[in-house]
Amino acid sequence: MTLAATELAFRAASVALLLMLALSLLRDFRKVLAARLGAAFVLSSIAHVVSYSLDVTSRIPLWHAPLIALSTGTIVVFWLFTRALFDDEFRLRWWHGLIWALVTAFSFAGCVWIAPSGHVRFSVTVVNLIVLGFIALAIGQMIASWPTDLVERRRRVRVFIVCAIALYGGLNAVLQIAVAGHHVGAVAETINAGVLACTVAAIVYAMMRVDGADLFPAAAEPAPPIVFRQPAADDAADQKLIDALMRLMADERIYRQENITIGVLAGRLKIPEYRLRRLINQRLGYRNFNVFLNNHRIEEAKSALADPTQAEVPVITIAMDAGFQSLGPFNRAFKAVTGVTPTEYRRLKADAV
């Protein structure tokens with residue numbers, strides 16, 4: 001088999017695997033934002049598989065330019081996918097689409113005007129610096145949300161998915177900057193196509209092994225039922241730990257502490273972090289540690305807002321006393337749980353008296 005045929009086979013295998021993964025996501029989780037963005041990322045990655053080449057010259061066929069532009073825009077979709085995957089409260093905004101459009105448009109302009117005018121290195125360098133920037137944002141999102149993620153299997157697979165894509169994308173971006181404007185042989189192109197096929201296969205395998213419900217919840221997590229209610233536990237040891245956890249929350253109000261972490265809470269209970277994460281996730285139904293804390297804080301705030309003796313206490317004071325650091329996050333979290341703002345909640349309670 002010739003090098004050209006081998007490269008074509010690698011690219012075809014990558015396309016087939018990506019199509020299979022996209023269809024799986026859309027079939028089973030089409031109503032979930034993270035899954036839709038995942039499918040969009042997978043489908044746009046096909047443009048990368050078809051069009052990507054280390055050999056960048058000033059002459060790019062016009063029909064090839066849209067594919068390259070879409071391939072560049074894939075990195076923005078990847079960033080949005082990681083945000084939705086690791087943050088259950090993430091919502092798309094209009095400016096996300098604008099960012100994608102600007103990146104795609106610049107890449108298209110680079111193919112059609114900038115590179116042909118003799119500025120190949122400039123065009124390739126800027127595009128790949130953009131790619132590296134969004135890879136850095138995705139890695140930063142993964143690191144920032146890692147401590148509060150309570151879903152063990154999602155914690156494991158997120159590292160693999162992000163690191164595999166970041167490693168492949170980062171290395172290719174650096175390589176393309178290094179060889180911009182120079183001819184690259186068929187061996188290098190074939191090796192690159194093979195590495196891409198292996199990366200795609202590994203990611204598809206990893207995602208297929210994880211329960212989709214762990215990666216893509218059917219709905220965002222507003223608040224599991226009453227926070228202070230003790231759920232039934234099959235295991236006596238788990239029940240004892242849950243009782244101790246609830247005492248820390250209800251009696252000591254440990255959620256009021258600034259910068260409280262799951263490590264601190266696990267230390268107070270004298271158990272490993274992974275066990276506490278599993279208890280809060282599997283026994284209490286939470287997917288995110290901050291949501292768990294905030295629901296306790298909101299329960300306290302609701303009591304204060306409904307108390308006639310505290311009718312003159314400012315909302316910001318109640319929020320700070322409950323453990324929130326500022327009014328904005330408190331208002332958003334409160335409305336997500338109750339459906340109304342704190343001020344509206346206070347007024348409704350006052351009218352009901």
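Thr72 is buried, because its relative accessibility is 7%; buried means under 20% relative accessible area, with a 1.4 Å probe and protein chains only. This is a predicted model, where local features need pLDDT of at least 70, side-chain atom pairs count only at pLDDT 80 or more, and totals for chains, interfaces and linings use all residues. Residues are numbered from 1 along each chain as its sequence is written, and side-chain values use heavy atoms, with hydrogens and water left out.

Where does Thr72 lie? In helix H3, residues 65-86. Helices here are DSSP runs of H or I, at least four residues, numbered from the N terminus. Beyond its neighbours within four places in sequence, Thr72 contacts Val103, Ser107 and Val127; contact means heavy atoms within 4.5 Å.

Next, helix H2, residues 33-51.

Now the largest pocket. It holds about 1,300 Å³ of space. It has 47 lining residues, and the closest to its centre are Glu89, Asn288, Asn290, Asn294 and Pro329. A pocket is an open set of points on a 1 Å grid over the protein atoms alone, where a 1.4 Å probe fits, with protein on both sides within 12 Å along at least five of seven lines; lining residues have an atom within 4 Å of a point. Which element gives the most to the lining? H12, with 8 residues.

Notes. Helix = DSSP H or I, 4+ residues; strand = E, 2+ residues; numbered from the N terminus. Buried < 20%, exposed > 50% of the residue type's maximum accessible area, 1.4 Å probe, protein only. Points joined across faces, edges and corners; volume = space filled by probe spheres on them. Expected span 1.5 Å × (residues − 1).
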